[in-house]
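Q: I'm new to this one, could you walk me through it?
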Amino acid sequence: MESELKDLNPKSPDPPEQTSADMSTKLESDHRPLLKPEPSPNQNPTSTTTQPDIEELEKRFAAYVRHDVYGTMGRGELPWYEKVLLGIALVTLVPVRVVLALAVLVVYYVICRFCTMFSAPNTEDEQEDYAHMTGWRRVAIVQSGRFLARAMMFVLGFYRVNETYRNQDIDNNLNAETEGKDQTDDVERPGAIISNHVSYLDILYHMSSSFPSFVAKRSVGKLPLVGLISKCLGCVYVQRESKSSDFKGVSGVVTERVREAHENKSAPMMMLFPEGTTTNGDFLLPFKTGAFLSKAPVLPVILRYPYQRFSPAWDTISGVRHVIFLLCQFVNHIEVTWLPVYYPTQQEKDDPKLYADNVRRLMAREGNLILSDIGLAEKRIYHAALNGNNSLPSVLHQKED
């Protein structure tokens, strides 16, 4: 689920450790294909590049490179014992997990359908959601949603969630210029949870922990089962074209929702991935500023997925292949670090770019993440190159999903 918030973020003041500062500019001006012409249908796409080509690509696009035993695009040559483990899991573990996962999904859909029966959704700003319901219906949706999201993680092999909560008093130095923060004696409610984005599994964890609203593509709201669940979450749907002359756009809607969550404890919290796309989990991309336009405090969260065989990070691998390998892995791990609420200074409130960059550098430092200056355009170039697509200019200028 990729953020469509307005990208006003400046380049990071810190020099990147793995990529050049003018990477995007060079790629846009260089129309030479990264790879040879596309392979024939029966040819492995990854075979179109030589080893030096792949090594050069991995240096340029380090934030999107997979390092697990399955290799680039999940198509690497596996040792014999890995093939044996896959075979055993495919006939024993995968069927059980698929049935249980579908059961959890259907149960929660039924709960959402029952709780929203005879209730009209909120339709303000060309959005549609049930997150603003009150009373027992909302309590049932939230509590059952958190429990079943955790149950779904258990089914997928996340038997234990390793969570760390940083103490504001002990780690007061994490938030620079604390004396200048607009912070009263009463702890203010953050307007949004800010998280790095590694996998679609991020959403399951955040549902189980705080049940926030997300930014999603409009098509998600029309999917069977998942569509109604997304409306109960209060997802803000991305809609590029609108017939309404006063439509604010997703950035405006998100800003209002963040401000509402900050001011009203009964309002649903917003969960935002300001990077706008996923990484391999070792890097932190530039932040888009949409999450910081409301000037409200934010709650930074850092996600990591330690692995030995298969990485749960969703990069350079198809969705179907990723799900199959994930289901075949007997145990999956997740580590979560909750940082203290970040209260912006007046200078940060006046400059959302500065606010976003300071939160990003804080998360990178505390999560031991590498700052990278590339973004979604470079990710598309890398993926296209791995697939043997030599139409580089058309790939670069595609709209974000």
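Q: How are H3 and H8 placed to each other, roughly parallel or roughly perpendicular?
A: Bear in mind that this is a predicted model. In this model H3 and H8 pack with their axes 8 Å apart and at an angle of about 95 degrees, and they are therefore roughly perpendicular to each other.

Q: Which residues in H3 and H8 meet there?
A: On the H3 side they are Leu 86, Ala 89, Leu 90, Leu 93, Val 94, Arg 97 and Val 98, and these meet Ile 324, Phe 325, Leu 326, Leu 327 and Cys 328 in H8.

Q: And what about H3 and H4, at what angle do they cross?
A: Their axes cross at roughly 175 degrees and come within 10 Å. That makes H3 roughly antiparallel to H4, since an angle over 145 degrees counts as such.

Q: Which residues are in contact in that pair?
A: From H3 the list includes Arg 97, Leu 100, Ala 101, Val 104 and Tyr 108, while the residues of H4 that H3 meets include Trp 136, Arg 137, Ala 140, Ile 141 and Leu 148. Arg 97 in H3 is also among the residues that meet H8.

Q: What span should H3 have, given its number of residues?
A: Helix H3 covers residues 80-115, and at 1.5 Å a residue its 36 residues should span 52 Å; the end C-alpha atoms are 50 Å apart, which agrees with that expectation.

Q: Where is the kink in H3 centred?
A: The kink is centred on Leu 90 and amounts to about 50 degrees. Leu 90 is also one of the H3 residues that meet H8.

Q: Which residues of H3 are buried?
A: Among them are Glu 82, Leu 86, Ala 89, Leu 93, Arg 97, Ala 101, Val 104, Tyr 108, Cys 112 and Cys 115. Residues three or four places apart in an α-helix point the same way, because there are 3.6 residues a turn.

Q: What do the buried residues of H3 pack against?
A: They pack against three helices, namely H4 at residues 136-155, H6 at 226-233 and H8 at 319-328.

Q: What does UniProt say about residues 84-111?
A: The UniProt record, which is an unreviewed entry, places a "transmembrane region" at residues 84-111. In the model that span is 100% helix and 0% strand, with its end C-alpha atoms 40 Å apart.

Q: Switching to H6, is Ser 230 buried or exposed?
A: Ser 230, which is found in helix H6, counts as buried because its relative accessibility is 4%, and the cut-off for buried is under 20%. Leaving aside neighbours within four places in sequence, Ser 230 is in contact with Val 220, Gly 221, Cys 235 and Tyr 237.

Q: Last one, where is Lys 265?
A: Lys 265 is in the loop between helix H7 and strand E5, and it is exposed, with a relative accessible area of 73%. Although Lys 265 and Arg 189 are 76 residues apart in sequence, their C-alpha atoms are 7.3 Å apart in space.

Note on methods:
Residues are numbered from 1 along each chain as its sequence is written. This is a predicted model: local features need pLDDT of at least 70, side-chain atom pairs count only at pLDDT 80 or more; totals for chains, interfaces and linings use all residues. Side-chain values use heavy atoms; hydrogens and water are left out. Helices (H or I, at least four residues) and strands (E, at least two) are DSSP runs, numbered from the N terminus. The expected span of a helix is 1.5 Å times one less than its number of residues. The bend at a residue is the angle between axes fitted to the seven residues ending there and the seven starting there. Buried means under 20% relative accessible area, exposed over 50%, partly exposed in between (1.4 Å probe, protein chains only). Contact means heavy atoms within 4.5 Å. UniProt positions are given in the numbering used here, feature names are shortened, and annotations may be inferred rather than shown by experiment. Axes are lines fitted to C-alpha atoms, for helices over the stretch in contact, and angles run from 0 to 180 degrees between N-to-C directions. Angles under 35 degrees count as roughly parallel, over 145 as roughly antiparallel, 65 to 115 as roughly perpendicular and the rest as oblique.
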